[in-house]
Structures are given as structure tokens and as C-alpha cells.
Amino acid sequence: MLKNPATKYRSFAPVHLRDRTWPDAVLSRAPIWCSVDLRDGNQSLIEPMNRERKLRMFQLLVKLGFKEIEVGFPSASQTEFDFIRHLIENDLIPDDVSIQVLTQAREHLIRRTFEALKGAKKVVLHYYNATAPVMRRVVFNLSQDEVIDQLAVQHARLIKQLAAEQPETDWTFEYSPEMFSGTELDFAKRIVDAVTEVWQPTPERRCIINLPSTVEHSTPNIFADMIEWMHRHLERRESIIISVHPHNDRGTGTAAGEFALMAGADRIEGCLFGNGERTGNVDLVNIALNLYTQGVDPGLDFGDIDEVRRCVEYCNQLPVHPRHPYVGDLVFTSFSGSHQDAIKKAFSLRKPDDIWEMPYLPIDPLDLGRSYEAVIRVNSQSGKGGIAYLLESEYGLTLPRRLQIEFSTAVQAVTDQSGKEVSAADIWALFQTEYLSVGEPYGYLAHHLVEDSTLDQVKLVTEVAVNGEKHRLDGKGNGPIDAFVSALSELSGRKLSVADYQEHAVTAGSDAKAVSYIELKVGDGRPVFGVGIDGNIVTASLKAILSALNRVARRS
Ligand SMILES: CC(=O)SCCNC(=O)CCNC(=O)[C@H](O)C(C)(C)COP(=O)(O)OP(=O)(O)OC[C@H]1O[C@@H](n2cnc3c(N)ncnc32)[C@H](O)[C@@H]1OP(=O)(O)O
Ligand SMILES: CC(C)C(=O)C(=O)O
Ligand SMILES: [Mg+2]
């Protein structure tokens, strides 16, 4: 049993911001994106990326359109240092991309970081120190003023000085009060103001103040309040890019990121598909595609999302979950009958330039390079709509509604028995067995049609096999179906009549074929469907009648 948590945990305190404005804000443009896959993502991996994997990730991020990429923590290890040298010395960084590097607020680490950056064109130099009370007490044993002076201000000065010594590089400075989300707001403001006082940013040369929820420990509205508070209270706000860096410990990293952007943040740091420390950094793909589905261009290209996933899985050596937003294998799939029914109906009414308004599909899978193939999959939770959708999309058959109902019983029997999914190919095989390959007792052999214009009738001569024996049938009627049905009634000794008849060209496959669906009534029995497919529409209809008759025979 869990112990009483009230004796062990403290609840988070709300921010007193009665006139908050962020809940009414609408996100109408993309933020500045910064990927930290190669740093925060990398430092959380079981096996950090080697150079080859890092390069693959870097090239992917560039291809996706990121202009700010945190490429590592150069003072952490030789691998990190060498990777950054490799990028610079081999001219692998496009001119419009800034590499970003992280360092602790410690002199020897900062000096080593600058060493790693010699010759780089555009750099975001990012340093941090923890600011939360627990860190001040446990890790640093320093007072608020000492943390401001000894960690933040002194190292802001050092960074300014070392940057001036490397004027060939276009520098942007970034400071993170690490654990901002657990820091008193007035202290966070004081330390940030002290840093910007040293740097003296201008609206033309802004610095970045990155406000992380290093560990997410409140609901996202509290984080948004904190960001709006900082946005309103910071000195030199017009010369600062406010960045956020949400983690996902409570599972609300995306909401926190979006609310923070509504609350005044200009920039967001995160990882592809939410990799990163513990439960991960905020998922930038999620945020970007959420914008996209609101009609806002995110400025990042996820037009081949499966390719992105493959690369990320390779680099991180971690799988992406099948339910992961926008990318998981199952996220565009409906198994349940009512969802399938609505999707099928919406697809058939949709015109190419319509606004996307598709039940159960927040985004068009085609926009992400996915197909409609997986949109509907069938198991015992499915209904006729999904089965009909698969036969139509994969095999070009548009089943009449009552046939959908009839055939879904056959599919349901299979899925109920196996408990498993049935593929489109399985459904097609079952459809063939049920309707198309029923050649006994009646089999179609040939027909000959004579139109008699004087009588306004047709004469139909048919050859059919009955239990393997050839029979010639002569029939008359107002059309070939009518003529055949009357001849068959005579042969079988039972009254046959057509309750419904539909046909269409088969749209799938290369051969021009027609399909005919006949609902046949035999005597007083309930109508039964038969289906025929043939290059000739009359033959297709005759086969459909025999299919229905054979199915009746099979049942009895
Ligand atoms: C929230 C984040 O993601 S922050 C980024 C975290 N990322 C990483 O740590 C990955 C790379 N890190 C490393 O390679 C190493 O930790 C290094 C090179 C940075 C430092 O290594 P070491 O000097 O061996 O220290 P160690 O790893 O034990 O870290 C603890 C020390 O850092 C100090 N420290 C931690 N954060 C800071 C900071 N922001 N500023 C100054 N000192 C700090 C601690 O006080 C402690 O010092 P102490 O040994 O005097 O008690
Ligand atoms: C270094 C900082 C930005 C960080 O990764 C965090 O606080 O989560
Ligand atoms: Mg982080």
C-alpha cells in the first residue's frame, strides 16, 4: 500500500497573477526552434551517440529546417569535443545554422568550450547554473547573492570576454537558470537581470534567456503563469529572446510548451519525438504538427515522418512507441467499427480542396508521407464500414449496403474465432471464398444473347454446369438477367426473383472488369447476395446469379 503522500510530498504553489493573459492567446506563428537532441537527448541515452550517429542526427536536423542546433557539451568528453571540431573543420554547418553548445558555469569548462569553437561561424554559447533552493543548499551551499555573483555574473563576464577574443565568430549568448520551474520567481528575475546587465544585449543583438522546467513538477498552467510573470517583469525584455525548455515528468511537456509560448516565450528547446532526460524533453515534432493542424506553417518539414523516425531510432537506439503522436505505427489507424464508418463516409464525401475535417484523423496522413493503407484495420471490434472501406480502397469493390452487412457477419465469425486482426488480403480471400469461387452445384459456361426488337425482349441462351453436367437453358425476358432468372427458375423448379441489382467497373487492378451484385430471392426464403466479376458485364451478372443460388444451396 502507498503511504499517505501528504506526509512526504509538498503541493506546488500557484503563481499570484490574477490578470494573466495567456489563456486567451492564440498561437498564430511558429516559435524559434532549437533542437537539443545532440545534447540533452544524447546525455540521456543508455549508449550516447558515436560520431557517425551524431552526424546522422545533425544532418537530419539541418534537413528538417532547424536553424539552431545544440550540438553538445564540448567540455564533457573528448568525443563531444572532437565532434564539434569535426563539424567546424569539415565545414559541415550551413551558413544559416547556428550551433549551440552547453557548459556549466565553471571557468575551466567555459575555457575548454571556447577552445572547441575556434573558427565556428555562428554560435549560441549556452551556460547554466542551478537556481532552485534545494540546489543552492545541497549542491552549492551558497546564498542567493553568492549564486548570483559567483556562478551567474562572474561567468557571464568571462563568456563576454572570451567571445571578444574570438571575433571571427558571430556569438549569441544564452543563460539558463537551471531548475527555473522550482525557483522562486523574484530570485529567477534577479539572477537573470544580473546576467543581462553584464551582457548588455540590444534589440538588434538579443541574448537568449532559457527558462527550463528541468523537472516538471506542476500543472502546465502554473508553468505558463511563471513564464508570463517573467515576460512582464524582466529588465531589458525587448533585448531578450525568452526561451523555454520543458521536460515531461508529469506527461504534460507539450501542454507546458504550448502554454508557455502563449504566455510570451519566443523560442522552444526540445527533442524529436520527446527523447531526453527521464521522461524526455518536450517533443518538438508534436508541437510543430499541432501548429500545422491549426493551419500555421511550423517552418519544419515533416513530409516524410517515417524516414525521420527511422533515423531517430537509429541514432538514439530507442524505439518510438506505436501510439506516439503523429508518428506511431497505430496513430492513424481505427479498429473500431463506428470510427471506421465515419471515416469511410467522410472520405467518400470529401472533395480535394476541402478543409480537412475528417472524423478521428486530426491530420491528413498523406501530409506526413504516410498512406491511407493503415487508416482502417479490421479485428473483432470492427464493423461493416471498415471491411467495406478495405475492399473498396484495396480491391476497387463498392459493396451495396446490405451486402456489407451480410459479409461483415462472415468476417466477424473469423475475427471472433481467432481473436486476431484480419488484413485486407485476408478479407479479400474470404470474400472470394464466400461469393466468387462458389462453382457448385451451378457453374457458368457460356451465353449467347439475341435481342428481339419487335418483342422488346431479349432471348438468352446459356450453358451452365449442374453438378458437373452441361445444360443448355433458353430464356426470355426484358433483359439478360430477367431471361436467365426465368430459365433458371424452370431448371431448378423454384421461383427465383431479383431483389436488388447493382454493378460498377472495378477500379483497382489493370484489367478493365465489371462487378455485379445480385440479391436473389429463392422461393419464400430471405434474399441472398451473389457476386460476379468479369470483363463482360452480362457475364458478371449471370455469374452473380449463380453465386447467389450456390450460396443458398450451400446453406441448405
Ligand atoms: C539539466 C541538465 O541537463 S544540465 C546538463 C547536464 N549534463 C551533463 O552533466 C553532461 C556532461 N557533464 C559532464 O561531463 C560532467 O558532469 C562535467 C564535465 C560537466 C563536470 O564533471 P565533474 O567536474 O567531474 O563534476 P560532476 O560531474 O561530479 O558534477 C558535480 C560538480 O559540478 C558542480 N556543478 C554542477 N552544476 C554546476 C553549475 N551549473 N555551475 C557550477 N558548478 C556546477 C557541482 O557543484 C559539483 O561540484 P563539486 O564536485 O565541487 O561538488
Ligand atoms: C541545461 C538546462 C537548459 C537543461 O537541460 C534543463 O534545465 O533541463
Ligand atoms: Mg534539459
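Two strands are taken to pair if DSSP finds at least two bridges between them, and strands (E, at least two residues) and helices (H or I, at least four) are DSSP runs numbered from the N terminus. The model shown is predicted, with local features needing pLDDT of at least 70, side-chain atom pairs counting only at pLDDT 80 or more, and totals for chains, interfaces and linings using all residues. Residues are numbered from 1 along each chain as its sequence is written, while chains are lettered from A and ligands numbered from 1 in the order in which they are written.

**View 1. The three-stranded open sheet.** The 3 strands follow the order β9-β10-β11 with antiparallel pairing. Because β9 (442-452) and β11 (469-477) stand at the edges with a single partner strand each, one side of each is left without a neighbour in the sheet. Neighbouring strands are turned by 15 degrees against each other on average, direction ignored (axes are lines fitted to C-alpha atoms, for helices over the stretch in contact, and angles run from 0 to 180 degrees between N-to-C directions).

**View 2. The β10 and β11 pair with helix α16.** Strand β10 (residues 457-466) runs antiparallel to β11 and is joined to it by 9 bridges; K459 stands opposite K476 in β11. Helix α16 (residues 480-492) packs on the sheet, touching β9, β10 and β11, and its direction makes about 125 degrees with that of β11 (contact requires C-beta atoms, placed from the backbone, within 7 Å).

**View 3. Helix α17 on the sheet.** Helix α17 (residues 537-555) packs on the sheet by touching β9 and β10, its direction making about 135 degrees with that of β9.

Terms used. Two residues are in contact if their C-beta atoms, placed from the backbone, lie within 7 Å.
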